[in-house]
Amino acid sequence: MSEDQVSKKFVYDFTEGNKDLKDLLGGKGANLAEMTNLGLPVPPGFTITTEACKVYLETGAEPVALCDEVSAHLEALERQMGKRLGQPDNPLLVSVRSGAKFSMPGMMDTVLNIGLSDASVAGLAAQAGNERFAWDSYRRLIQMFGKTVLGVDGELFEEALDEAKRAKNTPNDLDLDAGDLERLVDHFKEIVAKQTGHEFPQEPREQMDLAVRAVFDSWNTDRAKLYRRQERIPGDLGTAVNICSMVFGNLGADSGTGVAFTRDPASGHQGVYGDYLQNAQGEDVVAGIRNTVPLADLEQLDKSSYDQLMQIMSTLETHYKDLCDIEFTIERGKLWMLQTRVGKRTAAAAFRIATQLVDQGLIDEAEALQRVNGAQLAQLMFPRFEEHAKSQRIGWGIAASPGAAVGKAVFDSYTAVKWSRSGEKVILIRRETNPDDLNGMIAAEGILTSRGGKTSHAAVVARGMGKTCVCGAEELEVDTKRRRMTVPGGAVIEEGDVVSIDGSSGKVYVGEVPVVPSPVVEYFEGRMHAGADDADELVQAVHRMMAYADRVRRLRVRANADNAEDASRARRFGAQGIGLCRTEHMFLGERRELVERLILADTDAERDEALSALLPLQKADFIELLEAMDGLPVTVRLLDPPLHEFLPDITELSVRVALAESRKDSNENDLRLLQAVHRLHEQNPMLGLRGVRLGLVIPGLFAMQVRAIAEAAAHRRNVKGDPRPEIMIPLVGTVQELEIVRDEAEKVIAEVQAATGTDLKITLGTMIELPRAAITAGQIAEAAEFFSFGTNDLTQTVWGFSRDDVEASFFTAYLEKGIFGVSPFETIDREGVGALVRSASEAGRATRPGLKLGVCGEHGGDPESVHFFHEVGLDYVSCSPFRIPVARLEAGRAAAGKRSSDSR
Ligand code: PEP
Ligand code: MG
């Protein structure tokens, strides 16, 4: 036994923990403890820590001390309850439930009714005064234990249950009486014996220990691993196990079980939201197996429990200062709380709830920023279905997770994955989903079910993933076996037919419904005003949250834009300048021909002629851009890509030349072009003649661009504008390269200033996008007035990953093997690329205090990366126009002190 194991305490009574111990007790355990200490009616119990699970997962055995600790807590529980686990005449029964730090709905195991056996089933019947209930509880134990602990195929139990119902000629399991259930128990036991080669374990403590071990093991099932990868939950956290004395919702009409939200998780509105199922145990509700009634109906069914529940919900919301979701059971009119947690919610609800809680005085603005994140905002910017589109509605279910999804109908997860891999958009249609459908849910554009409520598996998981979901569309008859769905009126949707689902209204359509921009985008575009009387509530909430973020953020947010249209949109979205104008985009289309002439020039005169023709075009480009961003900085990057990109495709050209030659009418220009293509061909163009290297090799190229920028700025001054251009040199590896370009640029700027009589104040800086540049940043800062980190190329060169190839070729394998949780081209690799950004920033500023620092790689708009750039002390991030609101929000969240993923 290691010292570590001796000193650790592996079991905590519910009275010992609290909500802040999620790392150790898991979310469920920590919150059960919190509720116990708030004096709420929680059935007594204890929690085995995640540390115990970690020891088990690392060594393959439970920590040595665990057995004795569990015994001590079990004895205490038995004393408190006045009965012993599985005691034949008066049995204590317990539930064994998983509970990790982050909720993983339905991913891990739970076993109820532990302690029941052939010996104690009669005792339970006597205790409850209800023989049917005792046999029903026992069959549930064998079924759940058989499936999750002993690995028996669950279908076998389902079939046996169906057979019993058929024999009784009823579709409803409530019609099975005690005798039917006793026979079913025998049948279930036979299934276990046949499938496992062992009798169903009759020893209560053995049942409990095996169930605990099964929960530990369920941490590493394929579906749990997949879920964690999807949700970016670390794989080494382990799960806690909660052992809780059983209370029963299946004792008759005065009993039941339900789930509730303290406010609507789809809209954020306050009210009574949830589902209740009379005479049932917990898993019946979550699994969406039987249809529930709205929670509000409980008021009629059991007024006193309802009132108490409302009271508790209000206590919890005030205590947690957030939306909570709850699982409860009513046993013969007595209410018990089985779980609470800060509830998952839709993106729209997250924004609304955050502002509502500020208005209620429960949280401040900084805390409100922690309740939302950039990924949610991005989701709100997705388009919606056009309201007046002529489309045929075929069903109307529950709006479980918003969005507009269109795709081909598929009826199983395997097909969903297969079709989506071949590029098809699919809608996964099921009667209800279960955890085995996770792969298909990930692959699908949206999920449609015909059964289950807002708290069904499909709804909870889809919301967590940000996927569109409509559930409980009961009028749709889903036939998974025949891969079809019958709609009211008898029409049939076959696999492959296109359907559209609206997760905000719950409506289902046949065919493709046209989509329109989201109101949030309309707001950012300035076409909808948050102050207007009819403004969408959501728009108002987004408006306020953006204001909170803008008030606290330190990072400025600029745009990557290279035309006036993008620049204007970026400005409407809140950009504070342009951080990257890629000038190569200005050399396409009709201008290609001029670039060809530049490349093919044999003499200085020919080259100068091509450059002179390009100059006014470039100048016009910059005038437009400077006008769109008047008064704000505009960083123009000099030409970057390899020259051959401007020449025709080598194969096409070779064929053209060969054909012409065979016809003996060869074209002189094509021949020269072909020679140039051969001359400029590179094995590794990304590492070849591009960026500053081009400027140094083609005389006059950069000078022409600098002149165009300077003349454009002078023009803007003349018309009383406020141009603020910054010139940026790409792909610099050594300060010498930069010095040569800088000297030339300064000369050109001085000439333009003299010729126009203006003082232009154009700054000169460089991209830091090669490891050598980052390592020698201290020297480079001597010649640069600003740095902008090009994290695309920096990631490519630090990892040695071709940015054009690797994501499609082997990243899936890397992600599956857990080598990284997310592509380093998407989220900054803090330890590698990030370390270079940090050290280059420090070295640069050591040389030139106040050196302006920014980033213009794709990472500039990635939520997690924005937090890193905030921490490192950059001045700004620059990203594509549509990501600007996300970057502003995350910059605000970073300043308010939270990591991007903390609002999970
Ligand atoms: C970069 O490399 O990060 C960058 C912004 O430049 P580009 O993507 O144009 O190479
Ligand atoms: Mg680059």
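1. Start with Asp 177, which is partly exposed, with a relative accessible area of 35%. Here buried means under 20% relative accessible area, exposed means over 50%, and partly exposed is in between (1.4 Å probe, protein chains only). Asp 177 forms a salt bridge with Lys 168, and their closest N and O atoms are 3.2 Å apart. To count as a salt bridge, a side-chain nitrogen of Lys or Arg has to be within 4 Å of a carboxyl oxygen of Asp or Glu. Lys 168 is partly exposed too, at 34% relative accessibility.

2. Before you go on, a word on what you're looking at. This is a predicted model, where local features need pLDDT of at least 70 and side-chain atom pairs count only at pLDDT 80 or more, while totals for chains, interfaces and linings use all residues. Residues are numbered from 1 along each chain as its sequence is written, chains are lettered from A and ligands numbered from 1 in the order in which they are written, and side-chain values use heavy atoms, with hydrogens and water left out.

3. Now the overall picture. The protein has 904 residues, and buried ones make up 56% of them. It holds 37 helices and 33 strands; these are DSSP runs numbered from the N terminus, with helices (H or I) of at least four residues and strands (E) of at least two. Along the principal axes, the C-alpha atoms fill a box of roughly 105 × 65 × 60 Å. Take the contacts (heavy atoms within 4.5 Å) with a separation of 6 or more: 69% of them are between residues 24 or more positions apart.

4. How many salt bridges are there by the rule above? The count comes to 58. One of them pairs Lys 101 with Asp 23, with the closest N and O atoms 2.8 Å apart. This pair links distant parts of the chain, 78 residues apart: Lys 101 sits in the loop between strand E5 (94-100) and strand E6 (110-114), and Asp 23 in helix H2 (residues 22-37). Lys 101 is partly exposed, at 28% relative accessibility.

5. Another salt bridge joins Glu 609 and Arg 597, whose closest N and O atoms are 3.6 Å apart. Glu 609 is in helix H24 (residues 604-628) and Arg 597 in helix H23 (residues 592-600), so the pair ties together parts that are 12 residues apart in sequence. Glu 609 is exposed at 51% relative accessibility, whereas Arg 597 is partly exposed at 34%.

6. Next, have a look at the magnesium ion (ligand 2). Which residues coordinate it? Glu 769 (OE) and Asp 793 (OD) do, at 2.0 to 2.1 Å. Glu 769 lies in the loop between strand E30 (763-768) and helix H30 (771-775), and Asp 793 in helix H32 (residues 791-799), so the pair ties together parts that are 24 residues apart in sequence. Both are buried: Glu 769 has a relative accessible area of 2%, and Asp 793 comes in at 3%. A caution about this site: donors are N, O and S atoms within 2.8 Å of the metal (3.2 Å for Na, K and Ca), and water is not among the atoms, so sites may look incomplete.

7. Asp 793 turns up again in a network of salt bridges with Glu 584, Arg 637, Asp 640, Arg 690 and Arg 803. Asp 793 is also listed, with Arg 582, Gly 790, Asn 792 and Arg 803, as coming nearest of the 14 residues around ligand 1 (a residue is near if one of its heavy atoms lies within 4 Å). A polar side-chain atom of Arg 637 is 2.9 Å from an oxygen atom of ligand 1, and a polar backbone atom of Asn 792 is 2.7 Å from a ligand 1 oxygen. On its own, ligand 1 has 290 Å² of accessible area, and the protein covers 96% of it.

8. Finally, is Gln 705 buried or exposed? Gln 705 is buried, with a relative accessible area of 0%, and is found in helix H28 (residues 701-718). Its side chain makes a polar contact of 3.0 Å with that of Gln 618. Such a contact is a pair of N or O atoms within 3.5 Å; within protein, one must be able to donate a hydrogen and the other to accept it, and residues adjacent in sequence count only if both atoms are side-chain atoms.

Technical notes
Accessible areas come from the Shrake-Rupley method with a 1.4 Å probe; for residues, only the protein chains shown count as cover.
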